[in-house]
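Please keep the model open while reading.

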Amino acid sequence: MATFLLVVGVVVGIAFIYHRVVVKGQRCKSKAKLHGKTVIVTGSNTGIGKMTALDLARRGARVILACRNKQRAEAALASIKRESGSNEVVFMHLDLGSLKSVRSFAETFLKTERRLDLLINNAGMLGPGYTEDGFGMVFGVNHLGHFLLTCLLLDRLKECGPSRVVNVSALLHRLGSVDFALLSTHKDLVPGQSTWHNFRAYCHSKLCNVLFTRELANRLEGTSVTTYSLHPGVIHTEFGRNLKLWQRLFLEPITKLFFMDAERGAQTTLHCALQEGIEPLSGRYFSSCALQEVGAKGRDDALARKLWEVSERLSDLS
């Protein structure tokens with residue numbers, strides 16, 4: 001019995017330290033107020049996107065919830081307005097799995113909103129399927145849709161500088177790669193739709209986020225727009241809602257026990273969006289509200305440039 005109690009004590013101690021050091025994470029320390037500023041947050045009807053939007057609304061920003069699901073977005077809109085006490089929160093429909101929808105969103109936004117000070121490309125998904133344009137869903141939503149959205153809004157960001165673009169990536173970018181031949185033949189970064197392929201597609205898309213940020217920073221050099229990518233931490237959210245039922249049931253208790261909540265998960269996004277003095281670090285990658293080094297492929301400028309050029313062609317920008 002004594003040995004058993006000792007083992008239990010050690011396990012509980014390790015779990016406590018893990019939660020305090022790893023799960024709890026760091027908090028954004030910026031006290032910036034955002035009255036008169038306009039922000040777009042994609043995928044802001046749930047998870048860290050919603051928590052990010054709520055924080056920015058509390059700081060006085062006009063917040064655009066750019067979401068695909070109208071019912072969920074309207075519920076989030078009501079919740080954010082109630083909790084922030086702000087009426088400067090609006091929903092605009094955006095389906096990142098449709099390049100037509102991305103163009104429509106950008107056109108509507110540019111016609112109806114005078115400013116854009118922060119673009120937070122937060123939306124992400126993991127699961128099977130194809131976009132309206134025939135691309136792998138993970139690649140299309142996590143990278144290509146955000147790429148097109150950012151490019152269409154760049155001039156407004158420049159007009160309103162200093163402004164920022166924040167791209168939510170993930171630590172799993174280190175496992176990613178970009179196979180341009182496969183992208184050309186399959187319109188995807190993986191050759192199939194199995195669970196393993198879906199996971200690999202996610203890793204590849206997160207590398208694309210890092211590379212996009214790097215090349216965007218190079219192209220914005222000399223302007224008043226800066227950009228950052230980040231790992232938000234390991235978060236318990238509805239991110240995996242596109243997975244199969246058995247996969248969600250398996251992961252749910254694990255994520256609840258060991259992963260941080262959405263409010264904690266939003267902190268590095270907020271740091272990149274708000275922290276004063278990080279402008280010289282444009283193009284870099286953050287985790288736990290601190291600068292971190294990316295994987296080797298994420299530092300490849302030639303790869304980043306080629307991804308940009310291919311993405312331009314795929315989204316009919318070139």
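Of the 318 residues in the protein chain, 52% are buried, meaning under 20% relative accessible area with a 1.4 Å probe and protein chains only. This is a predicted model, in which local features need pLDDT of at least 70 and side-chain atom pairs count only at pLDDT 80 or more, while totals for chains, interfaces and linings use all residues. Residues are numbered from 1 along each chain as its sequence is written, and side-chain values use heavy atoms, without hydrogens and water.

The protein chain holds 11 helices and 8 strands, taken as DSSP runs (H or I, at least four residues, for helices; E, at least two, for strands). Among its contacts (heavy atoms within 4.5 Å) with a separation of 6 or more, 78% join residues 24 or more positions apart.

The second largest pocket has about 300 Å³ of space. Its lining consists of 17 residues, and L118, P162, S163, R164 and A273 are the closest to its centre. At least two lining residues come from each of β5 (163–168), β6 (225–231) and α10 (267–274).

S84 belongs to helix α3, which spans residues 70–84. Is S84 buried or exposed? S84 has a relative accessible area of 18% and therefore counts as buried. A polar atom of its side chain lies 2.6 Å from the backbone oxygen of I80, and the S84 side chain also reaches the backbone nitrogen of S86 at 3.1 Å. Leaving out residues up to four places away in sequence, S84 touches L54, A57 and R58.

How values were computed: Buried < 20%, exposed > 50% of the residue type's maximum accessible area, 1.4 Å probe, protein only. 1 Å grid on protein atoms, 1.4 Å probe; cavity = no way out; pocket = protein on both sides within 12 Å on 5 of 7 lines; lining within 4 Å. Points joined across faces, edges and corners; volume = space filled by probe spheres on them. Polar contact = N/O pair within 3.5 Å; in protein donor to acceptor, adjacent residues only side chain to side chain.
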